[in-house]
Amino acid sequence: MEVVRERSAALSETQRMALLRHIEQGPIIEDRSTSNTINDRKRKAWDEITASFNASYPDQIPRSAKQLKRS
């Protein structure tokens with residue numbers, strides 16, 4: 001049995017700008033350190049950004065943190 005994944009639509013310019021605003025609120029995201037503590041903080045920050053972003057667009061298919069990182 002073949003699993004077919006649906007592809008999400010590309011982010012609109014408005015959504016991109018909103019994502020950037022969410023990222024700017026969490027300066028830990030841009031930290032280049034890679035210690036375990038920093039990585040945990042980054043993971044939590046991305047989870048918060050993802051929840052906030054998805055709440056901003058309830059009529060859209062929710063996106064994962066991985067999808068938002070790649071956008």
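The legends below describe a predicted model of one chain, first as a whole and then in close-up views.

View 1. Residues are numbered from 1 along each chain as its sequence is written, and side-chain values use heavy atoms, with hydrogens and water left out. Helices (H or I, at least four residues) and strands (E, at least two) are DSSP runs, numbered from the N terminus. Read from the N terminus on, the elements run α-α-α. Along the principal axes, the C-alpha atoms fill a box of roughly 40 × 35 × 15 Å. Of the 71 residues in the chain, 28% are buried; here buried means under 20% relative accessible area, exposed over 50%, and partly exposed in between (1.4 Å probe, protein chains only). The accessible surface comes to about 5,900 Å², and 48% of this surface belongs to carbon and sulfur atoms. Accessible areas come from the Shrake-Rupley method with a 1.4 Å probe; for residues, only the protein chains shown count as cover. Among contacts (heavy atoms within 4.5 Å) between residues at least 6 apart in sequence, 45% join residues at least 24 apart.

**View 2. The annotated domain covers residues 7–70.** An unreviewed UniProt entry gives this range the annotation "domain: Myb/SANT-like DNA-binding". UniProt positions are given in the numbering used here, feature names are shortened, and annotations may be inferred rather than shown by experiment. Over residues 7–70 the chain is 61% helix and 0% strand. The end C-alpha atoms of this range are 14 Å apart.

**View 3. Helix H1 spans residues 13–24.** The 12 residues of H1 should span 16 Å at 1.5 Å a residue, and its end C-alpha atoms are 17 Å apart, which agrees. The expected span is 1.5 Å times one less than the number of residues in the helix. Gln15, Ala18, Leu19, His22 and Ile23 of H1 are buried. Seen down the axis of H1, these buried residues fall within an arc of 140 degrees, so they line one face of the helix. The arc is that of the directions from the helix axis to the C-beta atoms. On the face turned away from the buried side, H1 carries the exposed residues Glu13, Thr14 and Glu24. Helix H2 (36–56) and helix H3 (65–70) are included in what covers the buried residues of H1.

**View 4. Leu19 is a buried residue of H1.** Its relative accessible area is 5%. Leaving aside neighbours within four places in sequence, Leu19 is in contact with Leu11, Ile49, Phe53, Leu68 and Ser71. Leu19 and Lys69 are 50 residues apart in sequence, and their C-alpha atoms are 9.6 Å apart in space.

**View 5. Helix H2 packs its buried residues against H1 and H3.** With 21 residues at 1.5 Å a residue, H2 should span 30 Å; its end C-alpha atoms are 30 Å apart, which agrees. The buried residues of H2 are Ile38, Lys42, Ala45, Trp46, Ile49, Thr50, Phe53 and Asn54. They cover an arc of only 160 degrees around the axis, which puts them on the same side of H2. The face turned away from the buried side of H2 carries the exposed residues Asn36, Lys44, Glu48 and Ala55.

**View 6. Thr50 lies in helix H2.** At 10% relative accessibility, Thr50 counts as buried. Not counting residues up to four places away in sequence, Thr50 touches Arg63, Ser64, Ala65 and Leu68.

**View 7. Asp40 and Arg43 meet in a salt bridge.** The structure holds 1 salt bridge, a term for a side-chain nitrogen of Lys or Arg within 4 Å of a carboxyl oxygen of Asp or Glu. The N to O distance between the side chains of Asp40 and Arg43 is 2.8 Å. Being 3 residues apart in helix H2, Asp40 and Arg43 are separated by about one helical turn. Asp40 is partly exposed, with a relative accessible area of 37%. Arg43 is also partly exposed, at 48%.

**View 8. Ala9 lies in the segment before H1.** Ala9 counts as exposed, at 52% relative accessibility. Ala9 and Gln60 are 51 residues apart along the chain, and 9.2 Å separates their C-alpha atoms.

Terms used. This is a predicted model: local features need pLDDT of at least 70, side-chain atom pairs count only at pLDDT 80 or more; totals for chains, interfaces and linings use all residues.
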